[in-house]
Amino acid sequence: MRGLDYTALVITVIGAINWGLVGLFRFDLVAWIFGNMSWLSRIIYVIVGICGLYLLSFFGRVGNGDKVSA
């Protein structure tokens with residue numbers, strides 16, 4: 001599970017950086033690299049969203065006292 005946690009975290013951070021770029025500079029890095037709403041960019045957006053939803057489980061694990069080790 002730890003590998004999946006780290007992978008989801010990295011993908012979500014990359015997505016957050018992309019949203020920061022969109023908010024600050026109106027520059028969508030994913031669209032710039034893979035094309036505006038191409039099938040590949042849409043897959044990347046979906047993967048980032050799924051990873052973000054998966055990371056919601058961290059709240060449950062931290063709240064239950066389970067260790068989320070670094």
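## Leu29 and helix H2

Leu29 is found in helix H2, where helices are DSSP runs of H or I with at least four residues, numbered from the N terminus. Leu29 counts as partly exposed because its relative accessibility is 31%; the class lies between buried (under 20% relative accessible area) and exposed (over 50%), with a 1.4 Å probe and protein chains only.

## Basis of the model

This is a predicted model, in which local features need pLDDT of at least 70, side-chain atom pairs count only at pLDDT 80 or more, and totals for chains, interfaces and linings use all residues. Residues are numbered from 1 along each chain as its sequence is written, and side-chain values use heavy atoms, without hydrogens and water.

## Nonpolar surface patch

Leu29 belongs to a nonpolar patch on the surface, whose members also include Phe25, Trp32, Trp39 and Ile47. Together the patch residues have about 1,200 Å² of accessible area, computed by the Shrake-Rupley method with a 1.4 Å probe. Patch residues have over 30% relative accessible area and no salt bridge, and nonpolar side chains are joined within 5 Å. A salt bridge is a side-chain nitrogen of Lys or Arg within 4 Å of a carboxyl oxygen of Asp or Glu.

At least two patch residues come from each of H1 (2–25), H2 (29–34) and H3 (39–55).

## Helices H1 and H3

The axes of H1 and H3, which come within 8 Å, cross at roughly 120°; axes are lines fitted to C-alpha atoms over the stretch in contact, with angles from 0 to 180 degrees between N-to-C directions.

Leu4 lies in helix H1 and is partly exposed, at 48% relative accessibility. Its C-alpha atom is separated by 9.6 Å from that of Tyr54, 50 residues apart along the chain.

Conventions. Patch = residues over 30% accessible without salt bridge, like charges linked within 9 Å, V, L, I, M, F, W, Y side chains within 5 Å.
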